[in-house]
Amino acid sequence: MGNSNDQHDEAYQLEHVEAPVTLKAYLTCAFGAFGGLFFGYDIGYMSGVMGMTYVIQLYTEKDAFVLPSSMKSLITGILSAGTFFGAIIAGDLADHFGRRTTIIGGCLIFIVGVILQTASHGYKLLVAGRLIAGLGVGFESAIVILYLSEIAPRKVRGALVSGYQFCITIGILLASCVNYGTQNRMDTGSYRIPIAIQFLWALILGVGLFFLPESPRFFVKKGRFDRAANSLSRIRGQPEDSTYIKDELKEIVANAEYEASLVPTDNYWASWAACFSGGLRRPNSNLRLTILGTSLQMMQQLTGINFIFYFGTVFFQSLGTISNPFLIGLITTLVNVCSTPISFWLIERFGRRPLLIYGAIGMFLCELVVGIAGTVKPNDTTVASAQIAFICIYIFFFASTWGPGAWVIIGEIFPISIRSRGVGLSTASNWLWNCIIAVITPYLVDKDRGNLGSKVFFLWGGTCFLCILFAYFLIWETKGLTLEQVDQMMEECGTARRSVGWKPSTTYAATSFVAHDSKPKIEERESV
Ligand code: BGC
């Protein structure tokens with residue numbers, strides 16, 4: 001598969017003079033990826049806070065040991081509700097105000113949410129703060145992906161966007177460490193410290209983004225080619241009048257003109273409707289791509305990864321023979337962090353399709369082993385240790401494949417006309433399924449409910465098997481292509497399986513693609 005993907009590379013070289021990837025490009029994307037920290041930290045810290053003795057006593061009768069389920073559900077679920085709507089709204093705003101401004105706006109909203117949560121000394125204000133912070137996280141999680149995909153050089157786009165996933169994993173780890181440090185405090189510091197620390201992430205990202213360039217593709221969409229050239233030149237580290245910049249810009253503009261000729265952008269509702277247009281027959285119809293992006297994020301959640309991060313400690317406790325379930329929880333988090341950078345190399349070396357196909361096979365096999373071992377020999381120390389080892393291997397497969405892969409792909413598949421909304425909708429789907437899994441899992445595993453125990457891994461194994469089929473039939477190979485070529489590749493290939501080794505036969509710039517003269521052309525649209 002490596003060979004055929006190299007053809008993408010050769011094909012590109014035939015058509016373009018390409019700017020070398022500079023250190024600045026790497027640093028810009030690495031900084032942008034920092035947005036992942038919000039995401040990970042938020043996933044990680046709340047379950048710890050809800051288990052703290054001080055917090056439980058604050059919100060309930062003094063002799064309670066756990067928060068009531070309804071409280072836990074609301075505290076966990078309200079963030080997902082915020083992120084769900086945040087991601088959708090942000091997709092909208094990013095086309096209007098720009099990617100960078102929307103991310104900065106998200107940081108401000110997030111800060112308000114953090115202040116409310118930190119100030120809270122009761123349940124209601126905490127919930128309100130979490131809803132608002134959730135909106136901010138939704139902004140970050142969708143638009144950082146969009147921004148990174150649009151500014152990263154094509155050759156290392158997969159690796160750089162995977163940096164976002166790396167930051168998610170670091171966020172989860174940091175949250176465990178901070179919780180660990182404050183869990184035994186019997187004052188408001190127990191929950192205020194883990195909550196207030198997040199203020200820092202928003203400050204660093206928000207302030208830092210002021211110094212980074214806006215996405216050139218956003219300026220092109222707005223018809224501001226002068227500003228697009230300027231920001232492209234800053235990102236690529238080449239003069240505005242160099243062939244590198246002129247060539248790349250020409251292609252982005254030609255593709256945007258083509259897209260603008262197909263999708264009306266002058267009417268707000270019509271441009272939303274465009275995300276669901278084109279029917280199901282055309283391989284790259286907007287409707288198909290929206291379904292692909294949202295279902296890819298659904299499948300990422302259905303791998304079962306958050307069963308480990310949300311309910312891992314309880315599951316390890318249920319194995320009965322494990323002396324320190326919290327330590328095992330920390331180890332699984334560390335495996336997640338350490339395995340993610342491997343994807344930086346894998347995703348560029350082998351491509352998106354093999355990564356997702358083999359990753360799902362690996363996860364499926366591990367889950368099967370964990371399920372069979374725990375069912376055949378429950379309450380056995382050796383078996384329990386083997387189960388934990390396979391859970392770690394499972395996390396390794398997730399972290400090096402589906403974890404980053406799902407984010408990389410949603411940033412690449414949408415055409416410019418619906419990209420920001422498509423990424424927003426796909427991210428919203430991630431949070432929706434994240435929430436659904438968080439809510440239904442207790443009913444599957446709690447002793448007084450489904451009491452599935454290790455058998456729950458048969459369920460995740462089943463969904464992982466679907467992930468294999470999903471990746472095989474539906475994931476396009478986008479490695480090494482520009483975002484504009486991805487569009488062209490889908491048009492020409494017809495099915496995802498044929499996309500491996502596809503070569504562009506022409507460029508948008510070389511072909512006058514503008515289809516219908518009656519539709520608005522890019523120059524006629526509003527300026528920034
Ligand atoms: C997923 C999260 C998950 C995390 C684990 C992300 O890509 O979307 O739901 O908790 O990876 O590292």
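The lining of the largest cavity has 8 nonpolar and 8 polar residues, and no charged ones. This cavity has a volume of about 140 Å³. The model is predicted. A search of the whole structure finds 4 cavities of 30 Å³ or more, and the structure also holds 14 salt bridges.

**Largest cavity**
- Of the 16 lining residues, I43, Q165, I168, N306 and F398 are the closest to the centre of the largest cavity.
- Helices α3, α8, α15, α16 and α22 each supply at least two residues of this lining.
- The largest share, 4 residues, comes from α8.

**Second largest cavity**
- The second largest cavity holds about 120 Å³ of space.
- Its lining counts 13 residues, with E18, P153, R154, R236 and E248 the closest to the centre.
- By class, this lining divides into 5 nonpolar, 2 polar and 6 charged residues.

- R421 pairs with D92, with the closest N and O atoms 2.5 Å apart.
- R421 lies in α22 and D92 in α5, so the pair ties together parts that are 329 residues apart in sequence.
- Both R421 and D92 are buried.
- R217 forms a salt bridge with E484, at 2.8 Å between the closest N and O atoms.
- This pair links helix α11, which holds R217, to helix α24, which holds E484, 267 residues apart.
- R217 counts as buried because its relative accessibility is 4%, under the 20% cut-off.
- E484 also counts as buried, at 2% relative accessibility.

**Other salt bridges**
- The side chains of D226 and R224 meet in a salt bridge of 3.3 Å, N to O.
- D226 counts as partly exposed, at 45% relative accessibility.
- A network of salt bridges links D95, R99, E150, K221 and R419.

Notes:
Residues are numbered from 1 along each chain as its sequence is written. This is a predicted model: local features need pLDDT of at least 70, side-chain atom pairs count only at pLDDT 80 or more; totals for chains, interfaces and linings use all residues. Side-chain values use heavy atoms; hydrogens and water are left out. On a 1 Å grid over the protein atoms alone, a cavity is a set of points where a 1.4 Å probe fits but cannot get out, and a pocket is an open set with protein on both sides within 12 Å along at least five of seven lines; lining residues have an atom within 4 Å of a point. Grid points are joined across faces, edges and corners, and a volume is the space filled by probe spheres set on the points. Ala, Val, Leu, Ile, Met, Phe, Trp, Tyr, Cys and Pro count as nonpolar, Asp, Glu, Lys and Arg as charged, and the others, Gly among them, as polar. A salt bridge is a side-chain nitrogen of Lys or Arg within 4 Å of a carboxyl oxygen of Asp or Glu. Buried means under 20% relative accessible area, exposed over 50%, partly exposed in between (1.4 Å probe, protein chains only).
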